[in-house]
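Have the viewer open and follow along.

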Amino acid sequence: MGPLRSVVLCGGGTGGHIYPLLAFADCLRRHDPSVRITCLGTPKGLENELIPPAGYDLRQIPAYQLPRSVNMSLVRTPDRMWKAARAAGKVIDEVQADAVVGFGGYVSVPGYLAAWRRELPIVIHEVNVPPGVANRLGMKFTKNVAVGFPHQPAQAEALRDARVVGVPLRRGIAGLDRVALRDAARAHFGLRPDLPVLFVAGGSQGARSINLAVSGAAKELARNGVQVLHVIGARNEPVSVPTDLPVPYVTLPYLSEMELGYAAADLMLARGGAMTCAEVAAIGLPAVYVPYPHSNQEQKRNALPVVEAGGGLLVDDAEMTPAWVERTVIPLIRDPQRLYAMSQAAAGYGRRDGDVALLNFVYEAVAR
């Protein structure tokens, strides 16, 4: 496996594309500190808040949302797309890239096009079923497709021949020892060391049902000695929690160090985003998954294999009520033996080596 001198990474728009990109960049740098890593992004994407602070070179190129149907926007797409691809190509030429690795999001398409025109190796990493529209387009230019989960090749024809590598996770999460960090994590949030902790984090998108259900069950949770660490989501309205509870109920708008929340928790209540499923399974944290209902059911498909392996529960968003939390979550979190069995099952399904497995796949693609 020859070393890579220069790699261009594409992925933007949402954390689901950017966090694996950053974890992979960290892995590249650990294995070869001399490699040049350049990231492509758009002027408006979340990548601007995440990539430069992580210490990586971010180059902005114009990127346009890809239409999902035939309309005027599609007619205008070719000239827009070539404009964006030319900008990506300038970056690729300047840094003398040996390969382009894409994680999805609209910014990936110009990167794929520019690499294809230069006959550079392209590697695509996909975590969803069906694949995102940008990666579906990229798959027309390369056979080097890697996926995060074992269920993906069976469920999507486009991914039938993909290599299952897992999802690249940040070292703070991939290397997390929940038991060793538990007391320190609980102290960090002002939680008691001796009572179970329910960790609630619905993500920034549409967690209102989760927020209302858990806060509505606050009194009953507290009466049963269950502490709550509740990340409301920066875009969601604050929840009202009774002030006179006998045990801590801690609310936060946002948590950047998710590993601390994971370490403090006995049980998680979350959506079914691909990154959440990958992280929670890898560290063996039992979870109740409430998939986002207004999509193509990809979150349900993400969570189902972990649940079928015994590592969690699945509940429809419409059923997520205070009564459901009281009826189902309280008995579960107060049953250490059941939680332990779920933890072992989740860890058996998850994997912590997605970054290295993807790196090996990229080395193979470049060698070919």
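Contact here means heavy atoms within 4.5 Å. One more thing before we start: this is a predicted model.

## The open sheet

Let's begin with the strands. Six of them make an open sheet with parallel pairing, and the order runs β10-β9-β8-β11-β12-β13. The edges belong to β10 (249–252) and β13, and since each has a single partner strand, one side of each is left without a neighbour in the sheet. From one strand to the next, the twist averages 15°.

Now for the pairings. β8 and β9 are joined in the parallel sense over five bridges, while β9 and β10 pair in the parallel sense over four. Strand β8 (residues 197–201) also pairs with strand β11 (residues 267–270), parallel again and over four bridges. V200 is a handy landmark: its bridge partner in β9 is H230, and in β11 it stands opposite L269. Over in β10, Y249 is the residue opposite V228.

## Strand β9 and L229

How many residues of strand β9 are buried? Five of the five in this strand (residues 227–231) are buried. Q227, L229 and V231 point one way, V228 and H230 point the other way, and all are buried.

Not counting residues up to four places away in sequence, L229 touches F189, L191, V197, L198, F199, V200, V250, L252 and G261. In the largest nonpolar core, which has 41 residues, L229 is among those that touch the most other members, together with L169, F189, F199, Y262, M268 and Y289. Helix α12 (residues 274–282) gives this core its largest share, seven residues.

## E259 in helix α11

E259 sits in helix α11 (residues 258–264). Is this glutamate buried or exposed? Buried means under 20% relative accessible area, and E259 comes in at 15%, so E259 is buried. Leaving aside neighbours within four places in sequence, the contacts of E259 are R170, G172, I173 and L176.

## Helix α13 and what follows

After α13 comes G310, which has a positive phi, near 100°.

## Where α1 crosses α16

Last stop: a helix pair. The axes of helix α1 (residues 15–31) and helix α16 (residues 354–367) come within 9 Å and cross at roughly 70°. Angles of 65 to 115 degrees count as roughly perpendicular, and therefore α1 is roughly perpendicular to α16.

Which residues meet at this crossing? From α1 there are A23, F24, C27, L28, R30 and H31, and from α16 there are D355, V356, L358, L359 and V362. By type, the residues of this contact split into eight nonpolar, one polar and two charged.

Conventions
Residues numbered from 1 in each chain as written. Predicted model: local features only at pLDDT ≥ 70, side-chain atom pairs only at ≥ 80, totals over all residues. Heavy atoms only, no water. Axes fitted to C-alpha atoms, helices over the stretch in contact; angles between N-to-C directions. Helix = DSSP H or I, 4+ residues; strand = E, 2+ residues; numbered from the N terminus. Parallel < 35°, antiparallel > 145°, perpendicular 65-115°, else oblique. Nonpolar A, V, L, I, M, F, W, Y, C, P; charged D, E, K, R; others polar. Buried < 20%, exposed > 50% of the residue type's maximum accessible area, 1.4 Å probe, protein only. Core = buried A, V, L, I, M, F, W, Y, C linked by side-chain atoms within 4.5 Å. Pairing = 2+ DSSP bridges.
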